Amino acid sequence: MRVLVPVKYVPDIQSDRRFDDDGRIVRTLAEGTLNELDEVAVEVALRLVEADTGVPREEHEVIALTIGPADADLALRKAYQLGVDYAVRVTDDAIIGSDYFATARLLSAATKALVADDRPIDAVVTGMAALDSLGSVVSTLLAAELEWPQLLLARSLQVSDGRARIERELDGVTEELTAPLPAVISVTDHIAAPRYPNFSSIVAARTKPIDVWDMSRLAIDAELVGQSAARTRVISAAPRPEKDPVIVHVDQGEGGKELADFLISRGLV
Amino acid sequence: MTETHSRFAGKIAVLIDHAADGLHSPVRELLTIARDLGQPVAVSFEAPTAQVEADLAALGIAELIVVDIDADWHLTAVAAEGLTAAALECDAKLVLATTTFENREIVALTARRLGAGLVADARPEIGADGQLQAFKRVFAGTWDVVSEFETERAVMTVRANTVQASTVEPTAYPTRTIEVAASAWAKSATLVTRTLHEHTGATRPPLAEAAYVVAGGRGTLGDFSAVEELADALGAAVGATRDAVDEGWVDHDAQIGQTGVTVAPRVYIGAGISGAPHHRGGMQAAQTIIAVNTDPETPLFEICDFAVVGDLGEVLPQAAKHLREYREQS
């Protein structure tokens, strides 16, 4: 079985995140990381192939793929540490500024390029969101581009006999869905905890090869991606003004009353 | 305002969901926004109940489109094809839906089919130039971003409590039913079961749409009774951190954060919550933030308006008692 995990290099959410003058998120090496939720997707992909014990592990393949500049190799190195078998970075100036729709087109084209490379894909497994933009829409758009069934926000996943079955929990409702493979599957952070890489895999990950593809590897019209194809344009991005200083009350028996008085005095109740 | 109205006089398709017992407040807010910007067209996958019909009239919709689609519309890919057909039927320039997990999928696929721009969790506004804009707060509420659309049509999701819903003198509106055939792709996944959660604490409002939220974290040590007592004194929803959910202290539905429910209430009270980035990302859009914690260094204190350093087991019940007394007096 072969599983593709698209991963994203994002600013560390603990760091001071900001926009540049063109309204794009600033991603610098020192602060960047593999999107945490993508680590869960890598974990699920590894468990899928490890569970399929009828076939030796080396005949399975988990592929990590990212779209971004050379800095994004950091995300792929982390994926290698976790245990993926192959990594691809798609980098091209024409891609800069791609929106959700263009990103889905690029991922779809890259998936098809892998298949054409004699790497047929059984499933694409994605994280539920990227923690920098939280759009959570690329997975569904990718499924539509590939015309593969979508099984999204899985909190449990079983694969057998060429079908996948998931359970997903939405606001106030739990759904069970099934679909034939190949399919696009997104997973929540409740499905599995990512493994910790051991020392030898950290060392080995440093020298594993990363294939770098440009647009010539993808059967896609350059007009359909990048800034010029973006359907929305940021016209202003500004940090919010600092709030008023925090009022701190140290409870000496009246803390609850102080809290209630704060709400009442501000007209909040 | 009249000038901006004339610049954006178009139809605005609003997806009506969860409509069995009348329109829920996030949908009412959406229809209010749509009425301020243009002509709201409600889109539903079910024939409206009498209560929904009355609500729609009071919210001043221009038209109701009922989508009759030949597949399970609980599949988001199917719903997206229905919403797309409805938007084209009324030539909507803007499509709005509330922020839910399933609506994110529905609007993304709808935008793809319409060739429309998409902005999630934003508020539609008309800019000084008369163009439609999407106003959005990002990075856990620390940046404001305004976007414009390069496309003829726009699609947006809007969070609960973005505006206050308002009604007008009820007016009659036409209803039309459109028949839509779903594509083979939309039907390629099968919905095997769909189980509604039993509504626990039926007296409390749903978390995502509550104006008041009282949330508990690890500091509750698993005892949510003080959190619930203050919530009931305020008419608030009960929320929780991911830790508290993982410990099994509360249901997953109560989880606030970047991978749970995003809330933007009038007042958020966090008790025994450190304020990890994942949690903050789901609540920092709250208008007023109050934190209660025994640790004076807790990160949530850095972003709150009012902090009590103290034991939540003492502070919350006392606050609840004073609020009940205040209510009785006024």
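A salt bridge is counted here when a side-chain nitrogen of Lys or Arg lies within 4 Å of a carboxyl oxygen of Asp or Glu. In this predicted model, B:R242 meets that condition with A:D189, since the closest N and O atoms of the pair are 3.3 Å apart. Between chain A and chain B the count is six salt bridges.

**The interface of chain A and chain B**

The contact between the chains draws on 79 residues from chain A and 83 residues from chain B. The size of an interface is often given as the accessible area lost when the parts come together. For chain A and chain B the buried area is about 7,300 Å², with 59% of it on carbon and sulfur atoms. On the side of chain A, the residues A:R231, A:R240 and A:L259 supply 9% of the area buried against chain B, which is more than any other three residues.

| Helix pair | Crossing angle | Axis separation |
|---|---|---|
| helix 3 (residues 100–116) and helix 4 (residues 138–146) of chain A | about 50° | 8 Å apart |
| helix 6 (residues 225–234) and helix 10 (residues 312–329) of chain B | roughly 20° | within 8 Å |

Because angles under 35 degrees count as roughly parallel, helix 6 of chain B and helix 10 of chain B are described as roughly parallel to each other, and they pass in a left-handed crossing. Their contact includes B:L230 and B:L234 from helix 6 of chain B, together with B:L316 and B:L323 from helix 10 of chain B; by class, this contact has eleven nonpolar, one polar and three charged residues.

Helix 3 of chain A and helix 4 of chain A are instead oblique to each other, and their crossing is right-handed. Among the residues making this contact are A:F101, A:R105 and A:L107 of helix 3 of chain A and A:L141, A:L142 and A:E145 of helix 4 of chain A, and by class the contact has eight nonpolar, three polar and three charged residues.

**Backbone details in two loops**

The peptide bond from A:L181 to A:P182 is cis, with omega near 0°, and A:P182 is placed in the loop between strand 9 (173–180) and strand 10 (183–187) of chain A. In chain B, the residue B:N161 has a positive phi of about 70° although it is not a glycine, and B:N161 lies in the loop that runs between strand 9 (154–158) and strand 10 (175–180) of chain B.

Technical notes
Residues are numbered from 1 along each chain as its sequence is written. Chains are lettered from A and ligands numbered from 1 in the order in which they are written. This is a predicted model: local features need pLDDT of at least 70, side-chain atom pairs count only at pLDDT 80 or more; totals for chains, interfaces and linings use all residues. Side-chain values use heavy atoms; hydrogens and water are left out. Axes are lines fitted to C-alpha atoms, for helices over the stretch in contact, and angles run from 0 to 180 degrees between N-to-C directions. Helices (H or I, at least four residues) and strands (E, at least two) are DSSP runs, numbered from the N terminus. Angles under 35 degrees count as roughly parallel, over 145 as roughly antiparallel, 65 to 115 as roughly perpendicular and the rest as oblique. A crossing is left-handed if the near helix is turned anticlockwise from the far one by less than a right angle, and right-handed if clockwise. Contact means heavy atoms within 4.5 Å. Ala, Val, Leu, Ile, Met, Phe, Trp, Tyr, Cys and Pro count as nonpolar, Asp, Glu, Lys and Arg as charged, and the others, Gly among them, as polar. Buried area is the accessible area (1.4 Å probe) that two parts lose on being put together, summed over both.
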